[in-house]
Amino acid sequence: MNLPILTIITFLPLFGAIWLLFVNGENQEKIKRIALVIAIGDFIISLPLFFKFKLNTSEFQFIENVSWIKEFGISYHVGIDGISLFLFLLTSFLTLICILASWNVKDRIKEYMIAMLILETGMLGVFISLDLFLFYVFWELMLIPMYLLIGVWGGPRRIYATIKFFIFTMAGSVLMLVAIIVIYFMNYEATGEYTFDLLKIYNLDIPMGAQFWLFLAFFFAFAIKVPMFPFHTWLPDAHVEAPTAGSVILAGVLLKMGTYGFVRFSLPLFPYASHQFVPLIAWLAIAGIIYGALVAMVQEDLKKLVAYSSVSHLGFVMLGIFVFNIQGMEGSILQMINHGLSTGALFLLVGMIYERRHTRLIADFGGLTKKMPMFAIFFLIITLSSIGLPGLNGFVGEFLVLVGVFKTNVLYAVLATTGVILSACYMLWMFQRVMFNKLTNPENKKLKDINMREWALLLPITILVFWIGIYPKPIISRMDVSVNHLLTQVDEKYKITLNKLKIEDEEAAYAIKEDESTEHTIEVD
Amino acid sequence: MEIVIPPFDLKSISPILIITISAMLILVADVFFRKTFRDSLGYISFLIVVLTAMVACTQMGKTVYSFSDMFVVDNFSVFFNLIFLVSTAIVILLSVSYIKQEGINYGEYYTLILFATMGMMLMAGGADLLTIFLGLEIMSISLYVLAGFRRDCVRSNEASLKYFLLGAFATCFLLYGIAMLYGTTGTTNIKEIASFLANNPSLSNPMIVTGTSLLIIGFGFKVACVPFHKWTPDVYEGAPTAITAFMSVGPKAAAFAAFTRVFLVALPDVEQKWSIILWVLAVLTMTVGNLVAIVQKNIKRMLAYSSIAHAGYALMAIIAGGDFGSSSLLFYMLAYTFMNLGAFAVVIVLGRKGKENANIEDYSGLGFKHPLLAVTMCIFMFSLAGIPPFVGFIGKFYIFSAAIKNGFIILAIIGVVNSVISVYYYLRVTVVMYMKKPVREFAPLSLSPFVILALIITLWGTIHLGIFPARLIDLAQKSTLLY
Amino acid sequence: MILFTWYLILSGVLFSIGAVGVLIRRNAIVIFMCIELMLNSVNLAFVTFSRQLNSMDGQIFVFFIMTVAAAEAAVGLAIIIAIYRNKATVNVDDINLMKW
Amino acid sequence: MPYFFGCSYLDLIGYVLLFPLAGTIINGLLGKKLSKFVVGIIGCTAIGISFILSFFVFIDLLKLDPEHRVFEIDYFTWIGSGSFEAIAGLQVDPLSVVMILVVTGVGFLIHVYSIGYMHDDDGFYRYFTYLNLFTFSMLLLVLANNFLLMFIGWEGVGLCSYLLIGFWFEKKSASTAGMKAFIVNRVGDFGFILAIMLIFVTFKTIDFTEVFHAAPEHLQMGSFVAIMITLLLFVGAVGKSAQIPLYTWLPDAMEGPTPVSALIHAATMVTAGVYMVVRCNVLYTLAPFSLTVVAVIGGVTALFAATIGLAQNDIKRVLAYSTVSQIGYMFLACGVGAYITGIFHLVTHAFFKALLFLGSGSVIHGLGGEQDMRKMGGLKKYMPTTYTTFLIGTLAIAGIPPFAGFFSKDEVLLDAFSKGSLFLWALGAFAALLTAFYMFRLLFMTFYGKSNMSKHVEEHVHESPMSILIPLLVLALLSILGGFIGFPTASAINSFLAPVIGGGHHGMIDGGDLHHVSNSLMFSMMGISTGIAVAGILLAYLMYVKQPDLPAKLVGKFKLIYTIIYNKYYVDEIYDATIVKPTVKTSFILWKIVDVKIIDGFVNAIARIVELKGEVLKLFQTGYVRNYALSILLGGVIIIVCSLVLL
């Protein structure tokens with residue numbers, strides 16, 4: 001296809017943001033409409049990717065490769081494969097949802113929408129970048145609008161939260177920058193070519209010692225973003241203070257960048273180190289699963305609860321990635337999408353009652369089902385999806401992850417599976433306290449059920465929730481080849497390194513032998 | 001005895017000549033035709049600078065040694081000349097209304113700025129320590145005056161005095177260092193020093209080592225690296241804002257130009273020693289600059305500390321050395337020129353006569369009162385913090401790459417960690433602008449077409465060069481030192 | 001003939017005296033004079049080296065230094081006068097409005 | 001009409017599922033706008049059609065050769081990832097047919113019953129939606145042809161149970177009970193999921209047929225893997241079927257509407273565990289140790305729950321404990337290898353327990369919601385039909401011939417004795433005694449004696465409407481006749497289900513037939529169990545009809561034991577104190593200490609330190625020129641010295 005479709009999709013929101021710059025800020029309706037049209041348009045033109053995606057090739061598709069900074073070998077190289085395809089689509093979908101969800105933002109709507117659209121460009125860019133430098137640029141770029149979204153339109157402690165968010169993420173990612181540069185020069189030494197092109201760097205065989213440090217540098221960047229225990233503390237704060245749409249994007253897309261980074265970069269670039277780090281990551285992931293769930297259980301604030309539940313869910317994703325088999329990996333990718341949908345929806349739902357009641361404390365609610373039956377149904381479905389009820393989306397991903405984990409390490413699987421119990425505990429307990437029981441708080445008696453706009457927000461997500469739960473094949477089949485390719489790639493490189501290690505050992509042994517023999521000869525002499 | 005008149009290669013110093021002559025003409029014009037020119041001196045100097053820049057551009061691509069090898073025109077110096085001229089031009093744009101508002105609209109203001117620029121160009125093109133010293137002094141003396149240009153303002157006086165005393169003090173060290181090098185090598189010419197050192201054991205010679213160290217003190221003072229940085233915050237705070245802006249970019253770049261040329265061309269054989277010293281200084285500079293910047297309340301002071309920190313990053317480029325190092329320095333300096341001048345431009349726009357409003361808290365709520373200005377400021381702040389897609393990011397990236405390429409990975413890591421710390425105080429400005437309620441009424445902005453032009457240029461530089469830096473990088477790579 | 005080293009030692013001593021003077025004196029003008037002293041010690045060093053090496057470069061350098069010192073003196077004194085006008089003191093310890 | 005448009009009914013098995021699902025969707029989406037009548041009709045019709053279809057499926061299956069009574073149909077690949085594949089496919093074999101007949105049959109009756117019972121409830125449509133969804137899930141559970149699909153149904157019924165227990169969500173106890181049910185079930189699911197994964201890893205497939213086919217070759221008799229698989233599966237079964245130690249949710253589940261208790265918490269869902277064990281009998285047979293565990297847990301639960309049942313006063317709770325106890329019997333049977341007996345008891349239990357629950361519902365309905373037996377009494381005259389049917393049910397559960405329960409329970413005890421041990425038999429037998437006792441205690445307290453009803457209630461007591469009574473009558477009939485499908489020596493269910501047992505590997509596994517048991521043993525066992533039942537009944541008669549003050553005296557005498565039993569051995573409290581509270585407390589500590597204090601504290605401390613450093617370093621900037629000059633000089637000296645000396 002000659003049309004640079006990825007570029008169009010990625011930069012259309014930016015174009016929209018620039019357009020909005022020139023719209024009079026007083027005209028709120030117009031601004032909202034423009035933003036919505038851009039988001040809808042973006043989503044619609046991203047849909048063909050799904051249908052035109054070729055299932056039988058592991059190559060990247062819809063590739064565009066233009067030299068950007070020739071002097072450094074930096075190119076605007078974008079493309080998607082089965083791994084990024086869905087995250088890409090999820091991003092355009094969730095942004096659309098978010099813009100619609102922000103309809104009631106009154107305060108400085110223009111800047112809000114601009115930030116939102118720029119954010120979309122940044123996020124989309126992250127998922128399509130096939131150039132390390134480009135990736136890093138997008139990775140950092142989306143920090144700014146997110147930072148503003150939380151900081152300007154957030155709750156009372158927004159400044160603390162947003163700075164924490166920014167600095168946490170930045171602290172992780174600068175080390176990655178150093179690592180990227182190191183890889184760049186390593187590649188130069190190996191091939192004599194200055195390039196940041198990921199596909200070329202994939203062929204690079206990084207020495208084991210270096211892999212360790214480089215992996216660690218990437219690890220911090222991604223682990224903070226995921227966020228893995230114990231780097232997660234920015235998340236609850238950021239979620240609680242962020243406006244609804246911010247939370248949705250944060251949970252739905254931003255966190256996935258971390259896990260995506262592991263899949264796209266850490267694994268294929270440092271296969272040996274990745275294998276070496278499995279115990280650490282697995283234990284952290286498991287700790288995250290259990291810890292996140294336990295802490296979520298005792299939260300008093302709905303958003304915080306959902307935030308900690310994200311820590312738990314993302315633990316599954318991490319675990320799935322680091323078992324190096326197809327079920328784990330596909331489960332993880334699917335789980336990324338699922339988490340994006342269900343947690344995103346949870347934040348939407350929380351946002352809806354927050355808009356009505358201006359509180360998120362669980363204690364302030366109770367018995368809402370009586371007043372908001374439709375809301376209750378959606379809430380229930382999403383809650384169950386988050387719990388991982390079979391037949392809904394959450395289960396498929398979670399189960400695949402667990403199968404993958406089980407194949408490699410039973411203990412990990414057993415511990416991770418406890419998350420299944422715990423998730424039911426905190427979600428249902430929360431659901432009970434919010435939706436069930438007697439409606440006692442007089443404030444809640446005036447609550448209105450969801451309106452048309454909110455229907456429009458929740459229905460598509462719910463449909464997807466069911467679709468992925470019941471018939472995930474179209475999704476899994478699209479990632480199959482890519483995931484397989486990735487795993488083979490990792491495996492082959494890992495084996496090469498192992499062989500080298502073996503040879504080195506043998507050589508060392510041989511050298512020792514030789515030493516002994518020479519000593520011997522000396523003695524003879 | 002035959003008297004040979006050496007060739008006068010005036011073409012090689014044409015930019016300097018133009019600036020010098022026009023600076024003097026402006027002085028004359030101000031004295032004799034004050035009425036006629038009063039307001040137009042600014043435009044005239046701006047045009048002169050632009051003209052000089054065009055002339056300077058034509059010098060690109062060739063290497064000419066002139067005046068008995070005392071002066072050199074090579075891509076390195078041309079590139080630096082362009083940096084100086086760009087910064088001077090922008091500062092003149094910022095000054096036109098600023099000095100009027102401050103009531104210091106005297107013709108010698110422009111003359112001094114032009115002289116300072118001339119000094120910088122001399123420094124960048126100096127192939128002899130004497131030329132470099134001369135350039136340095138011409139630049140410094142002009143700046144001493146400029147710093148105290150608001151002569152009825154005590155702070156300005158104080159800034160001037162401090163700058164002057166300490167500057168002269170530091171110059172003595174520089175000179176003593178030069179003397180020592182001269183004493184050992186018998187020459188002050190950079191190339192000759194280099195060849196002398198290459199042929200003689202230099203590392204064990206205490207004179208050379210001491211001389212090198214003394215040079216570090218002298219240049220270190222000018223680039224404001226810790227522990228010779230202490231004048232910076234005070235002078236930056238007290239000087240007229242436009243001059244602060246000027247000082248933070250042009251003279252700093254000039255000092256780096258001389259620093260780089262002397263250390264990379266003349267003293268590569270002592271690199272083993274000075275690179276370690278500079279390594280420590282760079283780390284100290286970055287760290288102290290950033291840490292203290294965090295607790296600043298005055299934005300000019302904060303920017304002063306930030307400029308100290310940036311000097312630390314730039315030092316990394318010198319330490320890294322090689323083509324990559326010097327080209328990254330070139331790029332970084334230009335990048336820094338744009339973003340820092342931009343930030344100061346916003347500070348100037350928000351200032352009033354007698355009331356600078358330079359406390360960060362004064363910016364509360366700016367984001368809603370003057371959204372465009374706030375966005376502009378945000379962009380500069382993010383760029384200074386090194387966040388893509390702005391030019392500051394590419395600059396830092398370039399420098400870190402250079403450091404890593406030459407094996408200074410730990411230095412690079414310290415550098416990036418520092419840039420995270422720096423994020424904190426840059427963000428605070430944006431936090432105040434966007435996330436705090438206004439604490440005061442905003443007076444109408446002191447916007448004039450010139451300031452707007454300056455803002456547009458700096459914005460363009462910050463954004464455009466951030467997204468499409470390829471050509472500039474190409475240029476910088478072609479402008480590395482020609483040995 | 002006196003050894004060159006003595007001149008150099010003298011120059012070093014002068015430089016040190018100047019430097020210490022800068023540190024311990026409070027009057028701006030005296031400080032400035034100490035700086036001048038340091039400059040002149042540099043001059044002495046240059047001239048010494050020049051003699052030793054039989055090269056004129058050092059002496060030329062000295063001329064430049066002297067010129068520059070003169071220029072500095074002019075500017076410096078003007079600055080000191082300006083501050084004296086505003087603050088009626090040239091005690092540098094009283095001149096610390098800006099700190100931290 | 002064996003063939004439907006030329007195709008076998010077996011092909012239409014999907015429709016058995018489809019109708020309840022359609023009912024769910026229609027009622028769920030439109031129910032609010034439809035009248036209660038229509039909603040009820042839709043709900044019942046959906047299940048009714050399902051039942052009829054099931055019946056024809058059954059007939060069609062019967063036509064097949066007994067050895068080949070397996071029909072599988074695959075619809076689509078549900079999850080396929082690498083070598084892992086879960087197909088959305090159904091399997092019809094004698095076992096699943098028995099189950100779907102029970103589910104749809106009893107389910108249909110309860111749906112009909114619900115129309116009357118729930119008539120005044122605002123959430124009528126919601127109720128029927130859930131109920132239809134439940135039926136769908138339950139059918140999926142029993143029809144699935146692989147473990148994972150079964151797990152959908154497994155969780156689906158759990159969800160419906162959750163929703164229906166908490167149906168009156170405004171009642172805190174109800175919503176809490178729902179939650180408890182779900183979470184406790186999740187604990188079981190934990191085992192189930194692990195079991196599925198272990199099965200996949202072991203057999204590379206999760207398809208029933210393939211797994212059971214491969215099992216005997218793959219797994220050694222009594223091998224560790226076999227034991228693990230079966231034990232983990234059993235953890236799932238324990239959760240779902242409310243066995244020790246995960247039974248506590250079931251009594252609480254009585255917060256739901258009574259028909260729900262009848263359908264979900266008596267007849268169908270809770271027996272899913274038994275179904276699962278029987279379905280996996282091939283695996284269990286390979287793991288004798290697991291079988292022992294199953295048997296012991298079943299037996300102990302049977303007795304344990306029965307003792308609790310002795311002292312409860314809530315009519316539904318007594319029934320709930322009796323359910324726990326009866327399921328214990330089923331597991332006991334399975335545990336000794338008599339899988340078919342387990343299923344047999346499951347079927348009869350479905351009949352009489354549904355009957356009992358519906359009967360109690362009728363009572364509760366008649367009394368306007370009263371559930372405490374101490375406030376009932378003498379209802380015989382007010383509600384004769386209910387009484388009669390209830391009596392039949394009670395006789396059935398007590399094991400009086402020729403009621404359904406007699407045959408099945410007797411067989412369980414016989415198997416426990418002949419294939420298990422005396423100990424297991426003793427557990428069962430003693431539990432049977434207690435069962436007879438507390439069930440008749442319930443009957444007597446409710447229908448006999450003098451009325452303890454309040455005036456207000458007494459005035460309004462009435463016999464229930466027909467929609468309630470008809471299901472009662474049908475179920476009563478089934479409770480009388482149901483046992484004959486497993487009539488000793490000519491057991492229809494035995495021969496029908498036999499092919500299921502052993503997964504086609506005959507000879508290896510005893511198909512649960514009883515022919516090797518001598519007739520004398522069989523008849524003497526029958527006599528003994530009948531005797532036990534009669535003894536229990538007489539005891540109850542003595543205590544609650546003849547000498548109504550005796551219980552109080554006994555209570556006074558055995559105060560401690562009574563208190564313990566009355567408080568259900570404090571199991572809930574123990575769980576609360578040892579698991580729930582510590583977990584919550586730990587979580588609080590994790591949050592408030594680890595998260596806020598340690599991790600965040602660490603982060604904030606770094607920020608603070610950075611800032612403090614800035615504050616300190618700032619102080620060096622004194623503002624004095626001489627000071628600055630000093631730092632230049634000092635710095636210079638240090639540099640020179642270092643470069644000269646150190647470097």
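At what angle do helix 17 and helix 18 of chain B pack, and how far apart are their axes? The angle is about 155 degrees, and the axes are 8 Å apart. This is a predicted model, in which local features need pLDDT of at least 70, side-chain atom pairs count only at pLDDT 80 or more, and totals for chains, interfaces and linings use all residues. Residues are numbered from 1 along each chain as its sequence is written, while chains are lettered from A and ligands numbered from 1 in the order in which they are written.

**How the terms are used**

- Two residues are in contact if their C-beta atoms, placed from the backbone, lie within 7 Å.
- Helices (H or I, at least four residues) and strands (E, at least two) are DSSP runs, numbered from the N terminus.
- Ala, Val, Leu, Ile, Met, Phe, Trp, Tyr, Cys and Pro count as nonpolar, Asp, Glu, Lys and Arg as charged, and the others, Gly among them, as polar.

**Chains and their contacts**

- Of the 5 pairs of chains in contact, chains A and D share the most contacts.
- In that pair, 41 residues of chain A are in contact with 40 residues of chain D. Helices 12 (271–297), 14 (326–357), 15 (368–371), 17 (393–408), 18 (410–435) and 20 (473–524) of chain A each bring at least two residues to the side that touches chain D.
- Helix 18 of chain A has the largest share of that side, with 11 residues. The side of chain A that touches chain D holds 27 nonpolar, 9 polar and 5 charged residues.
- Between chains B and C, 32 residues of chain B are in contact with 33 residues of chain C. On chain B, helix 6 (129–147), helix 7 (154–185) and helix 10 (231–238) each supply at least two residues of the side that touches chain C.
- Helix 7 of chain B gives the most to that side, namely 16 residues. The side of chain B that touches chain C comprises 17 nonpolar, 8 polar and 7 charged residues.
- Chain A and chain C have no contact, and their closest C-alpha atoms lie 25 Å apart.

**Chain B as a whole**

- Chain B has 20 helices and 2 strands. Its radius of gyration (taken over C-alpha atoms) is 21 Å, close to the 23 Å that the globule rule (2.2 Å times the number of residues to the power 0.38) gives for 483 residues, so chain B is as compact as a globular protein of that length.
- Along the principal axes, the C-alpha atoms of chain B fill a box of roughly 70 × 55 × 40 Å.

**Helix 17 with helix 18 in chain B**

- Axes here are lines fitted to C-alpha atoms, for helices over the stretch in contact, and angles run from 0 to 180 degrees between N-to-C directions.
- Helix 17 (residues 391–405) and helix 18 (residues 409–435) of chain B are therefore roughly antiparallel to each other, a label for angles over 145 degrees, with under 35 roughly parallel, 65 to 115 roughly perpendicular and the rest oblique.
- Their crossing is left-handed, the term for a near helix turned anticlockwise from the far one by less than a right angle, with right-handed for clockwise.
- Among the residues making the contact are Phe400(B) and Ile404(B) of helix 17 and Leu411(B) and Val416(B) of helix 18 of chain B. By class, this contact has 7 nonpolar, 2 polar and 1 charged residues.

**Helix 12 with helix 13 in chain A**

- The axes of helix 12 and helix 13 (residues 302–321) of chain A come within 7 Å and cross at roughly 155 degrees. These two helices of chain A are therefore roughly antiparallel to each other, and their crossing is left-handed.
- Residues that meet here include Ile281(A), Ala285(A) and Ile289(A) in helix 12 and Leu305(A), Tyr308(A) and Phe316(A) in helix 13 of chain A. This contact has 15 nonpolar, 5 polar and no charged residues.

**A hairpin in chain D**

- Strand 3 (residues 71–81) and strand 4 (residues 84–92) of chain D run antiparallel and are joined by 9 bridges; strands pair if DSSP finds at least two bridges between them.
- Asp74(D) stands opposite Gly89(D) in strand 4. The hairpin has 2 residues between the strands, and Gly82(D) takes a positive phi near 60 degrees.

**Backbone details worth a look**

- The peptide bond from Val226(A) to Pro227(A) is cis, with omega near -10 degrees. Pro227(A) sits in the loop between helix 9 (208–225) and helix 10 (234–241) of chain A.
- In chain B, the bond from Val226(B) to Pro227(B) is cis, with omega near 5 degrees. Pro227(B) is in the loop between helix 9 (206–223) and helix 10 of chain B.
- Arg108(A) is not a glycine, although it has a positive phi of about 45 degrees.
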